[in-house]
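Please look over the structure below before reading the report.

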Amino acid sequence: MDSPQPPPPSSSSSGPSRRHLPPSSLTPSKTVHISSTTTTRTAPPRNNPLLPTPTELALLSVYPILLIFGTLFAVLSPDVTASTYDPLIQSHDQGSLAPSYFARKNNLFNVLFVKRGWGWITFSFFLFVFTHPALKTTAQKSRATIRWAVVTAWWVFVTQWFFGPAMIDRGFRFTGGKCQVKMAEIAEADAGDIGIKEVFTAAACKSAGGRWSGGHDISGHVFLLVLGSCFLLQEVGWVVGRWVRYVEEERTVVMADGAVKGAMVEFDRAERYQQEQQEESVRGKTVMEALGHGGKVAVAVVGLCAWMLLMTAIYFHTWFEKLTGLLVALTALYVTYVLPRWVPALRGIIGLPGI
């Protein structure tokens, strides 16, 4: 009697289970690789500490956009092109033929706001610093005040005084500018005195009835409006944005040992815990609610700065004067808000907004 035969191999397409075969019976082409699917979360790429963050770059781009739009509008608008432009007063006709109310230097926004611009900027800044609940520690308020002092010093040096005439006046004279006064007044000047064109600042020239002529005059309006508004955006934006977690991106800083880390690493652990507790209490608030009274005033000042910057771009100064005003303002902003991120010693003195 025949012994029973083992059952034939299954005809299933999957074939016999390979885990029961000895490894020696498997050819390289039959080797089984078993892998498990895993989800790996990668952290977002760090921002370059030498450059502004993407959000900062987006906000900064608004300034050249306003200036370019204003310049093109001035070129294409029939009312503006029909108005006579006087290079000595750096504006269009100031009489009844002025192309717009905002083209007149005596408009109320220019007289009451721009001419006193740094006073408005300073007022709104300190109102925010000393009333907003996110700025609780003395260290935070002190470093914010130091940053204000740095930016204010730059404003003074450029527009008011720089160990004598302001940088704007020095630049004008360096590029060949002089004060034009009446010939009779020049004839009456003492022959032994230094030439009028070498001793007059813009203010002194104007008070003597003269006019600046011949040199390059940096646009003081563009400089002030860009510097002041971006200063407030940095100080208010980072504090409120971090407080209510509307700003998720993080600035990066270079540590003393050369390591590149997120800026929050320098936040004191106890202070960070307090801030997280505050963030939980304000979660769900709108931006306007989170700004507080001081922040709302600052936003209003920034809005006026943007509007008057556009009016300046349309009706005042040449494109090159506006460009240099923008560049001089951006220089101070970079030194105050970006340079400390990769210079630990400087960051230890002036800190970063919101930290």
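The report takes these topics in turn.

## Basis of the model

This is a predicted model, in which local features need pLDDT of at least 70 and side-chain atom pairs count only at pLDDT 80 or more, while totals for chains, interfaces and linings use all residues. Residues are numbered from 1 along each chain as its sequence is written, and side-chain values use heavy atoms, leaving out hydrogens and water.

## Helix H13

Helix H13 covers residues 287-315; helices here are DSSP runs of H or I with at least four residues, numbered from the N terminus. Its end C-alpha atoms are only 34 Å apart, whereas a straight helix of 29 residues would span 42 Å, taking 1.5 Å times one less than the number of residues.

At His293, H13 bends by about 100°, the bend being the angle between axes fitted to the seven residues ending there and the seven starting there.

## Annotated histidines

The unreviewed UniProt entry places the feature "active site" at His221 and His317; such annotations may be inferred rather than shown by experiment, and the positions follow the numbering used here, with feature names shortened. The two are spread over 97 residues of sequence, yet the largest C-alpha distance is 9.4 Å.

His221 belongs to helix H11 (residues 220-243). Beyond its neighbours within four places in sequence, His221 contacts Asn110, Val114, Lys115 and Thr312, with contact meaning heavy atoms within 4.5 Å. His317 sits in the loop between H13 and helix H14 (319-337). At 12% relative accessibility, His317 is buried (buried is under 20% relative accessible area, exposed over 50%, partly exposed in between, with a 1.4 Å probe and protein chains only). The side chains of His317 and Glu321 form a polar contact of 3.0 Å, that is, a pair of N or O atoms within 3.5 Å, one able to donate a hydrogen and the other to accept it.

## Nonpolar cores

The largest nonpolar core has 56 residues, of which Leu227, Leu232, Leu309 and Tyr315 touch the most other members. A nonpolar core is a set of buried Ala, Val, Leu, Ile, Met, Phe, Trp, Tyr and Cys residues joined through side-chain atoms within 4.5 Å. Helices supplying at least two residues each include H11, H13 and H14. A second, separate core of six residues includes Met255, Met264, Leu352 and Ile355.

## Positive phi angles

Most residues other than glycine have a negative phi. His317 has a positive phi of about 70°. Phe163, in the loop between H6 and helix H7 (167-174), has a phi near 50° and is exposed, with a relative accessible area of 59%.
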